[in-house]
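Welcome, and please open the model in your viewer. We will take a short tour, one selection at a time.

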Amino acid sequence: MQDKGMTRWKIGWVMLLFLACLVLMSGIAEARNPYLSKWNKNLTGWQPQGETWIDTSPEIAVNGTTVHALWFSRKSDNAETRVCYRRSVDGGQTFSPKIILYRVKPGNYLYYYKPSFKHLAVDGNSVHIAFSRYFPASGSRSWYFNLLYFRSTDNGATFEPVREVFQGTDGWYLNDNKIAAHSGKVTLGFSYYACDHSKNCVRLLNSDDGGATFKKKVVTNIDQFERSLQDLTRVGDRVYFLHYRITEPYNNGDFQAILGCASSTDGGKTFKKKQMTTKAVNGKFLSYVLHDKHYSPNIAVAGSNVYVVWTQNNTAYDSDDIALYCRRSNDQGLTWSAAKRLAISPIAGGKLNIGQETVAAKGNYVYVVFSLDNKRIFLKRSSNNGKNFHALKELTAPPGTICSDHGWWPLVQTDPSDESGKKVHVLWKGATYRYSANGGITFTKPCWLYPAWTGNVIKGLQMAIGKGKTVHYVMQAKFNTPKYGWGDEDIFYRVYNPIPPAPGANHALKLWSNSNTSRYDNMTVPHTWYINPKTKLTAELWVRPISGGVTTGTTSKIRPIFTKRDKLWPFAYALSTWNYQGVRQAAAMITTTKGHYWLHPSDKDVGRVPNYQWVHLAMTYNANVLVDNFKLYKNGELIASTTAEGKIKSSMAPLIVGYFGRWKLDELRIWNRALTEAEIKANMNKPLVGNEAGLQAYYNFDQTTKDLTGHGNNGVLMYREAYVPK
């Protein structure tokens with residue numbers, strides 16, 4: 001009989017050998033994110049060979065042309081943690097080398113940080129950074145917490161030595177760190193938990209001299225149960241913070257919790273407190289915590305008006321009756337209006353996400369943005385200081401479209417260059433962006449700002465708005481490519497100006513794709529009705545194919561040059577090349593309310609599109625013509641036609657130029673009429689002005705993706721696209 005102990009011993013050794021192989025294999029593979037995009041910059045940079053670092057909790061602030069970025073970094077084996085900072089003084093075009101502000105080696109314990117904390121505040125040329133860490137101790141205590149503070153007074157060029165501004169030798173830990181600064185005044189806030197619960201409270205450290213000195217302030221009552229700091233902001237001598245208080249023991253998730261707001265008009269010396277939460281039908285107070293794995297403001301200040309938003313339950317703590325509420329004060333927080341319910345679950349088939357509500361305000365305008373568990377994002381807005389709110393407005397694309405799958409962790413900010421408050425920016429997970437210039441009545445269509453089609457994990461998105469509607473964001477992300485596998489967690493940054501630069505020298509746009517390295521160069525144009533004519537269409541461009549590149553994966557090896565997508569498939573319209581009888585030739589497709597139509601010449605030589613040669617291609621459609629109304633042209637000559645019917649289908653999906661194939665492209669034009677053969681031939685060899693009759697969108701790619709018609713259909717570049725000589 002075989003010895004069972006020996007069998008277990010052998011199995012154990014086999015498992016050890018298997019695990020060792022995995023370790024060796026993981027050591028060979030580099031846990032680094034490949035260089036996918038020159039527009040989304042990796043601020044972390046590559047780490048030394050064989051090391052894996054997890055970079056997390058990014059924050060961003062913009063002052064003039066200076067961009068400040070902060071994050072925390074942890075080695076995968078926990079051997080070291082760091083606080084890292086980088087800045088750009090040219091509006092995000094280039095960044096100075098990374099500064100490691102602080103590091104902790106093994107045996108000295110770690111920082112305490114979360115994406116829902118706020119560690120960075122910028123006030124003019126002063127940069128303030130605060131975070132807590134715990135230290136080993138002797139005697140009856142094995143550890144304790146301190147609050148550490150960094151300050152720069154030269155716009156982030158240099159930092160003063162770290163200071164311990166609070167020593168919590170009698171506390172379990174310092175939690176919920178928040179920081180705010182304005183007009184030379186600084187406030188550091190945190191939740192403080194004592195070992196015996198006798199000193200559980202929210203504490204503030206206030207400075208009237210720009211962070212040179214701080215005064216300690218305990219600003220909430222001592223509770224037997226949990227009390228936590230949820231949000232903090234400061235405007236001059238006015239300090240506001242939200243605190244969350246659990247008033248009874250946990251009991252299967254059903255317990256009372258209250259959100260309160262504390263307001264000070266004397267720099268934090270005294271506070272007036274007001275409970276925000278209202279009673280549920282069972283007589284309990286059932287508020288939820290504010291931040292779900294990221295920080296977004298729940299307090300907004302506009303002049304003398306202060307706004308607070310939160311979620312609570314109106315029935316029982318664990319029921320689905322989650323509601324969104326808002327209170328406002330028009331006298332700097334001295335008195336408050338009754339709580340106003342803005343929304344209650346269910347909404348559009350979904351439930352309110354707890355901790356993903358946020359607010360911004362300026363002038364007479366208030367914007368409240370929140371998400372649902374079905375990945376849809378909505379807006380409630382007020383144009384009269386929060387007295388009344390308009391109807392709900394959805395910001396995500398309708399379900400089923402390719403812009404609708406990232407509705408999570410929304411952010412909203414008013415424009416710093418607009419005192420009226422009418423200009424507002426919204427960003428959510430996946431770096432999907434929308435903008436309104438009329439107080440939220442209308443928005444630009446959803447626009448992606450990151451490499452959307454690459455396998456990835458994204459966390460911790462944060463946004464700051466600079467001059468001229470410039471959008472800056474940072475996010476924690478890692479990418480998965482067939483060649484390199486999963487990278488580690490890095491911090492990525494992008495600066496986006498909705499108005500691209502004016503045309504420059506005579507160039508073309510080069511687009512490359514390679515599925516093995518997950519590179520899909522493309523220009524994305526957010527949907528507008530300009531680029532989706534219904535009954536009449538001409539789409540044309542010059543193309544110089546380069547061998548290779550991604551196809552749609554069908555047996556015909558289709559490589560669309562540009563597509564207007566209805567959903568993932570089929571396309572609303574597309575101009576392509578495909579492999580027909582061993583020859584790559586031109587093809588066009590449209591999807592109408594009556595069906596899907598595919599067009600190509602039957603003679604493979606007539607439609608040939610050779611590699612490394614410039615060819616002009618055009619497609620036209622006219623639903624008002626009954627016969628041969630869908631046509632394909634090559635170099636101004638008709639090469640195929642067929643009969644189609646119905647209106648071209650549309651959604652909020654974008655126009656995508658590239659992604660498939662490899663090309664040089666020039667003179668892309670979209671029209672809302674079907675050009676004749678004579679018109680195509682007459683115009684294809686000359687540039688347009690941009691105001692031609694029926695011209696809806698026009699790109700000459702002369703070092704710009706600007707729509708030269710003035711209709712605003714500006715393109716957004718995603719990966720490593722380049723302007724090159726023709």
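A residue is called buried when its relative accessible area is under 20%. By that cut-off, buried residues make up 56% of the 726 residues in this chain, which is a predicted model.

Start with a cartoon view of the whole chain. Its secondary structure consists of two helices and 51 strands. Switch to a surface view next. The accessible surface comes to about 28300 Å², and carbon and sulfur atoms hold 52% of that area.

Time to go inside. In soluble globular proteins, nonpolar side chains tend to be buried together. Select Met523, Phe562, Tyr573, Met619, Phe630, Leu665 and Leu668: among the 40 residues of the largest nonpolar core, these touch the most other members. Then zoom in on Leu668. Which residues does Leu668 touch, leaving aside those up to four places away in sequence? They are Met523, Glu540, Leu541, Phe562, Val657, Ala697, Tyr698, Tyr699 and Phe701. For a second, separate core, select Tyr433, Leu449, Ile558 and Met589, which are among its 38 residues.

The last stop is a cavity. The structure holds one cavity of 30 Å³ or more, and the space in the largest cavity is about 30 Å³. To see its lining, select Ser57, Pro58, Glu59, Lys114, Pro115, Phe117, Tyr295 and Gln462. Four of these lining residues are nonpolar, two are polar and two are charged. Finally, colour strand β2 (residues 53-63), which gives the most to this lining, with three residues.

Notes: Residues are numbered from 1 along each chain as its sequence is written. This is a predicted model: local features need pLDDT of at least 70, side-chain atom pairs count only at pLDDT 80 or more; totals for chains, interfaces and linings use all residues. Side-chain values use heavy atoms; hydrogens and water are left out. Helices (H or I, at least four residues) and strands (E, at least two) are DSSP runs, numbered from the N terminus. Buried means under 20% relative accessible area, exposed over 50%, partly exposed in between (1.4 Å probe, protein chains only). Accessible areas come from the Shrake-Rupley method with a 1.4 Å probe; for residues, only the protein chains shown count as cover. A nonpolar core is a set of buried Ala, Val, Leu, Ile, Met, Phe, Trp, Tyr and Cys residues joined through side-chain atoms within 4.5 Å. Contact means heavy atoms within 4.5 Å. On a 1 Å grid over the protein atoms alone, a cavity is a set of points where a 1.4 Å probe fits but cannot get out, and a pocket is an open set with protein on both sides within 12 Å along at least five of seven lines; lining residues have an atom within 4 Å of a point. Grid points are joined across faces, edges and corners, and a volume is the space filled by probe spheres set on the points. Ala, Val, Leu, Ile, Met, Phe, Trp, Tyr, Cys and Pro count as nonpolar, Asp, Glu, Lys and Arg as charged, and the others, Gly among them, as polar.
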